[in-house]
Amino acid sequence: MSAFTSEERQLLDDSLQDYIRSKYTFEHFRELTAADEVDGFGRAEWSEYAELGWLGTSLPESADGAGGGLTELCIVMAACGRGLLLEPFLSTIVMGAGAIEKVGTGEQQKILSEVAVGKRLLAFAHVEPDAGYARDYVRTVARPEGEGFVLDGEKGFTLHAQSADTLIVSARVGGDAGPVALFLVPANAEGVHFRPGPAFDGRRGAEISLSGVKVGGDAKLGASDADQTEVISGLIDRGVIAASAEAVGAMTTVAEMTLEYLKSREQFGQPLAKFQVLQHRIVEMNLACEEARVLVHAALEAVDTGSPVAQRMVWNAKVQTAKSARLVGGQAIQLHGGMGMTDELAIGHYYKRLTMCETMYGDGDWYLSQITAKG
Amino acid sequence: MFIRTVERDATLEAFRTEVREFCERELPTKTRENQELGRHIEKQDYDAWLKILGAKGWLTGKWPKEHGGLGWSPEQHVIFTEEIGRAGAPPIVPFGVTMVGPVIYTFGTDEQKAQYLEGIRKSNAWWCQGYSEPGAGSDLASLKTSAVRDGDDYVVNGQKIWTSYAHWADMMFCLVRTDSSGKKQQGISFLLIDMKTPGVTVRPIIAITKGHHLNEVFFDDVRVPAKNLVGEEGKGWTYAKFLLANERVGNVETGKFERYMDQLRVLLEVTKDGGKPLSENPSFQRKVAELEVGLETVKALMADQLAVARAEGAPSMIGASALKIRGTALQQEILQVIVDVLGRHGLVYQTDALVEGWNGEVIGPEDSAGLIYEHLYRRAATIYGGSTEVQKNIIAKGALDL
């Protein structure tokens, strides 16, 4: 259960929104993206989030976190969407810290304290080039050697991997048929090679090659030797709901911007907002936002209360959010006309972020197929 | 009419083969490669290819013979467009060939015909279109850029926006306001402006693609010779509408759509879910089938318009709008499915890879940056050339009398 009261949730949301309004403006976003460097986000901002307590929102109190649940974390994620935040919440807090918290040994949990204060960035290097959205496709191998392991394999494009201090790498222990385990791999370990590049929305990431990467025995996350495929699947569900919350934040904001534009832009002697066909369109956009928001909310409740149908609820939320994101993002550009096509307006950047959220950890169609397959 | 009779022309297949073989022989390899990977085509490479077509007379094949064209039938023109698209050639830049050329030979003076038509046929001059303004988008007739007569000149002041290739253009055909006393559609004139005239300033607009082809163009006391007025003063709207109908049909490049589909099929082979190619995935097989039906529908709409054009001399306003609405929607659908596939490669968008000669490491399929560029750029397909909403108004008013 959550350690947060309704008032505390509201306070968290308010503080995030205040920050975005006053500091993380669209101009600020553009400055950060324009800087041609490895990160593509603000390190100073990340430290600020640590001081404001946002990085520790969902981290355990033992790591100086606030002990919040997924709901609190998703309040932060929705704000990331609203403000187009570039910083690595998804990779470090949602996925990386999520993995350590879930399976890490007592010693490994200490990393979370460094995460909470913004001193350690993580990336979840699980997906592989031929995996697509399949969660159980792991060909990277961790061969036991002495006390430790030697890792070999290829990991697909991973957001913020090139900026991380520690990669959390999935690999099969022993060989192709071995159990899947997670490993803490220092990003600067010998044999780790990054192929960096920008994603659709300009955030940076990298493909990763692991060749003969030596790690100690303590690099294996957790004490169990059992196959971790189910744990990984649970983590991906966590990513799915977080990216969906981010999408809800982004679509709500861009729908608000579009409404304002329709009210202010005049053609044929009146504001565009007076045309019924456009009124209905903006109504559809708002309905889509509401549908996504309520399903994400329902899924969060299910997860935080340990409902037996929590996974299905998360997948439902993903399917609807992807559908809503596509509609709202596309129509935001359409209704802005040429203006929506320019890089100097926020609209296109929201379109891109929404498209990223839509495809993160699987798109709507993929989850529909999974739901169908499960019966 | 339920069924229109279309007479089959047996020479058409021979013409198709001729165009195909010509492209195979004449299209510079480098340009083809750049186009196939969706890289930016440099102006000199674009010029070189257009001049090859111009020398052959094919750029303006559909112009009447009396104006230096080859008098192609509409079907021949479609075949030509399809084949150069399939060959991986850059598309014909429409501003001179499709847009201002026919306006000049239909409404221009003999002096204007002598001065401009050959340059368009041979691609010696690059044109741009000065229509939209910050305050005049869908409501184009509300444009404000003014042209005031002063002796033998017009003095032009104002601003145009979304001007594709203005930074490369030698000339602009421009809608200007010469009279603001009556109805807004009256008082618009059609003026040809030399882009090198003092007072013309071009400023780039960077699009969501991160690329530059759009511009703002500012006019500050620009003196344009009055002999550059096309047709009658105040009749510019009529010429603009004449031209817009041409633009709408021209906006549907089915050859390009076929290429997207080819690229999609290859992507489905090389992209995997759990190690298994997406080409074996029933959900994608179904999507491809749906897109194929959509493409056949658009091609059939196009063929029907050609039959109308043949029977009645011009495509119908309604048919042109229908084609524009459905064609651009399909274009976005295909490019959406492509992005759905590329999501499995992390949706990487390496804009550097769009520059010829870049020697960085490509992440994912080689053509993904070009395809994502297209996906983003074609978000504008339902906006430019008269938005889908405007096209529907045209049909509502023009065909359904609403």
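Analyst: Here's a quick tour of the cavities. This is a predicted model, where local features need pLDDT of at least 70 and side-chain atom pairs count only at pLDDT 80 or more, while totals for chains, interfaces and linings use all residues. Residues are numbered from 1 along each chain as written, chains are lettered from A and ligands numbered from 1 in written order, and side-chain values use heavy atoms, without hydrogens and water.

User: What makes something a cavity, and how many are there of 30 Å³ or more?

Analyst: On a 1 Å grid over the protein atoms alone, a cavity is a set of points where a 1.4 Å probe fits but cannot get out. Points are joined across faces, edges and corners, and the volume is the space filled by probe spheres set on them. By that rule there are 6 cavities of 30 Å³ or more.

User: Which residues line the largest cavity?

Analyst: Lining residues have an atom within 4 Å of a point, and 13 residues line the largest cavity, with Leu50(B), Val93(B), Val97(B), Ser123(B) and Ala125(B) nearest its centre. Helix 5 (94-107) and helix 6 (110-121) of chain B each give two or more residues.

User: How do you know which residues of that lining are nonpolar, polar or charged?

Analyst: Ala, Val, Leu, Ile, Met, Phe, Trp, Tyr, Cys and Pro count as nonpolar, Asp, Glu, Lys and Arg as charged, and the others, Gly among them, as polar. So sorted, the lining of the largest cavity has 10 nonpolar, 3 polar and no charged residues. The second largest cavity's lining has 7 nonpolar, 2 polar and 4 charged.

Notes:
On a 1 Å grid over the protein atoms alone, a cavity is a set of points where a 1.4 Å probe fits but cannot get out, and a pocket is an open set with protein on both sides within 12 Å along at least five of seven lines; lining residues have an atom within 4 Å of a point. Helices (H or I, at least four residues) and strands (E, at least two) are DSSP runs, numbered from the N terminus.
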